[in-house]
Amino acid sequence: MLAKTQNGEKNTSKRARGSRRSIMTKFLIGILLPLFIILTTTSLILDSRISQVLSDLQQKSLHSQTYSAAQTIDLFFQKYFSIAETTASVPVIQEAVREIQSNGERFDQSPYYRDLMSVLQNVQADNSETLQAVCIGSIGTSQVLQSDYYITEPGWDITTRPYYKLVTERKSPSITAAYEDVSTGNTIVTVSAPVYAADQKSVIGILILDIRLAPLIETVGQITLGETGFITLYDSDNIILYHQSSDVIGKHANEAGYSHEMLSAIKENQELSTRYTRDGNGFFGNIMTLSDTGWKVLGVIPVSEYESIVKDISSMIMIIFILCTLILAAICVKVVSQMLKPIRNMTKVVDALADGDLDVQLDVRSKDEVGQLAGGIQQLVKRLKTYILYIDEMSGILTDMGKGNLVFEMKQDYIGDFAKLKDAMLGIQKTLSLTLAAISGSAGQVADSAGQVASAAQSVAQGATEQASTLEEISAEIQEVSSEASSGAETAVKARQQIISIGNDLTQSNDEMQNLLHAMEDISLHSVEIGKIIKTIEDIAFQTDILALNAAVEASRAGSAGKGFSVVADEVRNLAAKSSEAANTTTELIEASMQAVKRGSSLAGKTAESLSGAASQADQVISVINQISTGYQSQAEKVKNISKAVDQISSVVQTNSATSEESAASGQELSRLASDMQLQVSIFKLERQYT
């Protein structure tokens with residue numbers, strides 16, 4: 001039983017350690033895992049949202065930068081539109097063109113020639129970096145005067161020039177598509193403005209500015225979008241004037257490998273922000289059309305740059321997420337460890353209590369449920385110390401009972417189930433005291449009867465001796481005396497047998513008393529077992545209280561964390577079962593003790609019956625001896641008349657004397673045995689009320 005209890009305690013300790021690991025594991029699984037899933041989901045949603053926001057910001061930034069580039073280009077041309085329109089409205093220009101229109105003269109024949117050249121050369125000088133030539137054309141005479149004094153030859157047709165159609169149709173400053181100048185090889189564009197007749201309705205002349213595009217293209221080339229983005233410039237004929245890749249400059253947009261959507265936007269002058277491909281490479285593009293020129297500006301950022309930004313931000317989000325997860329996990333583990341620290345201290349105290357060490361201290365300074373649990377454990381330790389006082393007192397009493405001392409007083413105030421043990425001990429004391437007192441009284445009576453038997457036998461022997469001295473006087477009636485002496489001899493034999501039977505009964509009574517002592521030893525052994533079972537009940541009750549408190553604490557908590565304490569409930573049920581089993585075992589042992597007591601009572605009864613039989617047989621011996629005495633008296637009266645049978649009577653008397661001596665010896669032996677029985681009983685110390 002002790003081995004099973006120790007094994008049970010080890011198993012309970014292992015389960016307790018397993019429970020601590022499972023609390024941490026369940027906390028990590030029940031709290032951190034859902035939190036990790038939530039954070040992961042949040043990070044994915046955040047990453048997706050950030051990607052969308054970045055895409056929107058990228059498109060807005062691309063649109064803003066493209067618009068800025070378009071404004072730069074538009075301002076570039078607006079400058080020359082303004083120069084062309086202002087120059088065309090100069091009075092000398094208007095007067096000279098009107099005069100040539102009416103006279104049909106050449107420009108160098110006009111009186112305004114020098115003034116015209118001065119105006120044209122001044123305009124070119126002011127914008128020498130971009131203006132290749134400044135010209136004035138007369139529609140009526142189909143001639144053009146350049147700032148370098150060149151005048152077109154007769155027969156040159158001004159109406160074939162691109163700017164003529166633009167100006168005459170729009171009647172406002174216009175710009176041609178880009179083209180390569182034959183004389184210089186420069187890529188130029190012509191900005192023209194109308195010169196009106198006096199009625200300000202008819203266009204009679206054209207102010208022409210030939211603009212080198214190299215400075216503009218250089219400016220466009222210096223514009224960067226993002227880190228690797230660039231500007232693509234198209235003229236009104238969708239010819240690529242600038243591109244980061246030089247192999248497509250000068251080509252039509254159809255030849256650049258654009259995807260269908262982007263190519264359609266370029267051709268149809270749409271303003272569009274979209275993702276497109278060119279030659280299989282992905283780009284984000286924003287295209288704008290300059291309203292006054294019909295030129296188009298395409299802002300381009302490679303998808304790889306965008307994806308790199310998104311990837312960097314996603315990586316940063318992931319790193320922040322991992323760091324937050326690790327920090328949160330560390331904080332949670334730290335918090336749980338701090339929460340479990342007092343529980344571990346209480347576990348150590350519980351283990352010490354399970355090992356029987358009640359000299360323990362529990363220092364838990366907490367006002368929450370853990371502190372309440374610690375207070376409960378402290379109260380339990382105090383109660384266990386009180387139980388130890390019960391056990392010490394009962395152990396001392398049982399030790400004294402084993403030594404024969406049935407005089408004791410139970411000073412402790414037993415409470416609960418221990419009160420039943422106190423009542424049982426006092427019942428055993430009363431029952432044993434009554435039984436032993438009865439045995440002691442019976443032994444005294446047997447001793448007295450045996451003494452009387454021995455005295456009577458001694459008297460018989462003395463009478464036989466006296467009869468031998470008077471044999472000579474009873475010779476006359478020797479025959480009759482001989483017959484009566486024979487009868488007396490038979491009676492003496494019967495008395496001897498009865499005495500022997502009494503001795504045997506007394507011997508059996510002594511054996512029964514020995515059995516009674518063995519039964520008392522069994523009671524002592526069972527009492528030891530009762531102490532061990534009580535220890536088991538205390539340990540199990542202690543652990544049951546601990547787990548019951550744990551279950552109560554956890555049951556008071558709401559939420560999913562409370563579900564993890566089903567293990568505690570199982571432990572409570574297991575410990576309750578053990579408590580029931582220990583209680584049953586205690587009941588069986590107590591019943592065994594009661595059976596032992598009953599058996600001792602039965603043995604004492606049998607001993608009393610045996611001693612009573614011995615007393616009855618002793619009475620029969622007395623009766624027989626009385627019969628012998630009567631016979632001998634009759635013989636004494638007849639001896640006077642018997643003288644001849646002296647020798648025979650003498651022989652009979654000697655026989656009677658020997659028998660009487662044996663009876664006396666048997667009586668003495670019976671008296672000695674009764675004294676021994678009294679001595680054995682006298683080792684028990686009884687209350688005065690039972691003696």
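**Entry 1: salt bridges**

Which residue's side chain meets that of arginine 98 in a salt bridge? I looked, and the partner is glutamate 95, at 3.8 Å from N to O. A salt bridge here is a side-chain nitrogen of Lys or Arg within 4 Å of a carboxyl oxygen of Asp or Glu. Before going on, I noted that this is a predicted model, where local features need pLDDT of at least 70, side-chain atom pairs count only at pLDDT 80 or more, and totals for chains, interfaces and linings use all residues. I also noted that residues are numbered from 1 along each chain as its sequence is written, and that side-chain values use heavy atoms, with hydrogens and water left out.

Back to the pair: both residues sit in helix H2 (residues 91-103), and because they are three residues apart there, about one helical turn separates them. Helices (H or I, at least four residues) and strands (E, at least two) are DSSP runs, numbered from the N terminus. Glutamate 95 is partly exposed, at 37% relative accessible area. For this I used under 20% relative accessible area as buried, over 50% as exposed, and in between as partly exposed (1.4 Å probe, protein chains only).

By this rule I count three salt bridges. Another one joins arginine 106 and aspartate 108, with the closest N and O atoms 3.7 Å apart. Arginine 106 is partly exposed at 27%, and aspartate 108 is partly exposed at 38%.

The remaining entry in my list is arginine 278 with aspartate 279, where the closest N and O atoms are 3.2 Å apart. I checked both ends: arginine 278 is buried, with a relative accessible area of 10%, while aspartate 279 is exposed, at 53%.

**Entry 2: helix H6**

Next, I asked which residues of helix H6 (residues 260-267) are buried. They are Met262, Leu263, Ser264, Ala265 and Ile266. I then looked for what covers them, and found that the cover includes E7, strand E9 (272-278), strand E10 (281-289) and strand E11 (296-302). After H6 comes asparagine 269, and its phi is positive, near 55 degrees.

**Entry 3: asparagine 238**

Where does asparagine 238 lie? I found it in the loop between strand E7 (230-234) and strand E8 (240-242). Is asparagine 238 buried or exposed? Asparagine 238 is buried, with a relative accessible area of 8%. I then listed its contacts (heavy atoms within 4.5 Å). Leaving aside neighbours within four places in sequence, asparagine 238 touches Lys251, His252, Ala253, Ile266, Lys267 and Lys296.
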